[in-house]
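I open the structure and go through it contact by contact.

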Amino acid sequence: MGSAGFKQQLLLALVLLPITFALWYASAQLLVAPASLVSDWILRFWLNDLVTSSGLSGTTFVVETSLGSMNGAIVPAKTAGNVITFEIDTNLVSYSLPFYTALLWASRVDRQLDKFLFGLVTIWCLMAIGVTAMIAKEMMFAIPDAFASAAGRPSPHIVALSYQFNVLLMPTLSPVALWLYQLRGSPLWEELSRRLDEASNTRFD
């Protein structure tokens, strides 16, 4: 692939981005549903004594706990007469899907559909981890004692770092990393490698 072909693929990716983001916006609830199911499974397995139900309401992931609030104290929900819930906007992590889709479908790679399906499953799993990390952070601050007891007393620093990575970095880094992994052996990969080698040689000459 020459320089013209490389530029054409970059241009195609730029053209596809608004299209894929429009499709994502129109069907965000459907696209995030598999990730929400995985996140629900993780929470029930990890925090089975604390989480009573979880699921999507639109694109918001809602988690209900077994606790309530009464006179400023955290008590069992039956005693309080109310339930403490946590809500997470899944759009904070799900925008990785249209980003990845535009990158891959603008590229000339073999077995493109197979790679796309593999990428979707991978990103759904990463999204589920991201949503779980956000729930964990919210619980750590809102119900610290109950969360620490149910979660096996995780380090607050680990919870905070996991939250920051999954919200600030994962949605943009994972699509690029997955795309580059799936490019291996393609003409675009060879062109990227050549350009990186040229840039490296120019820098150190």
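Entry 1. I note that the model is predicted.

Entry 2. I looked up how α5 lies against α6. Helix α5 covers residues 96–105 and helix α6 residues 112–142, and the two pack at about 160° with axes 10 Å apart. The crossing of α5 past α6 is right-handed.

Entry 3. I listed the residues that meet. On the α5 side they are Ser 96, Leu 97, Tyr 100, Thr 101, Leu 104 and Trp 105. On the α6 side they are Gln 112, Leu 113, Lys 115, Phe 116, Gly 119, Leu 120, Ile 123, Trp 124 and Met 127. By class, this contact of α5 with α6 has 10 nonpolar residues, four polar and one charged.

Entry 4. I then turned to α2 against α6. Helix α2 runs over residues 28–46 and packs on α6 at an angle of about 50°, with 8 Å between the axes. The pair is therefore oblique. I record the crossing of α2 and α6 as right-handed.

Entry 5. From α2, I find Leu 31, Val 32, Pro 34, Ala 35, Val 38, Ser 39, Ile 42, Leu 43 and Trp 46 in the contact. Their counterparts in α6 are Trp 124, Met 127, Ala 128, Val 131, Thr 132, Ile 135 and Ala 136. The residues of this contact split into 14 nonpolar and two polar, with no charged ones. I also see that Trp 124 and Met 127 are listed for α6 in the contact with α5 and in the contact with α2.

Entry 6. Next I checked the hairpin. Strands β1 (residues 51–57) and β2 (residues 60–65) run antiparallel and are joined by six bridges. Gly 55 has Val 62 in β2 as its bridge partner. Two residues lie between the strands, and Gly 58 in the turn has a positive phi of about 70°.

Entry 7. I looked up what Phe 86 touches, leaving aside residues up to four places away in sequence. Its contacts include Phe 61, Val 62, Val 63 and Thr 65, and also Ile 135, Glu 138, Met 139, Ala 142 and Ile 143. Phe 61 is 25 residues from Phe 86 along the chain, with 8.1 Å between their C-alpha atoms.

How values were computed:
Residues numbered from 1 in each chain as written. Predicted model: local features only at pLDDT ≥ 70, side-chain atom pairs only at ≥ 80, totals over all residues. Heavy atoms only, no water. Axes fitted to C-alpha atoms, helices over the stretch in contact; angles between N-to-C directions. Helix = DSSP H or I, 4+ residues; strand = E, 2+ residues; numbered from the N terminus. Left-handed = near helix turned anticlockwise from the far one by under 90°. Contact = heavy atoms within 4.5 Å. Nonpolar A, V, L, I, M, F, W, Y, C, P; charged D, E, K, R; others polar. Pairing = 2+ DSSP bridges. Parallel < 35°, antiparallel > 145°, perpendicular 65-115°, else oblique.
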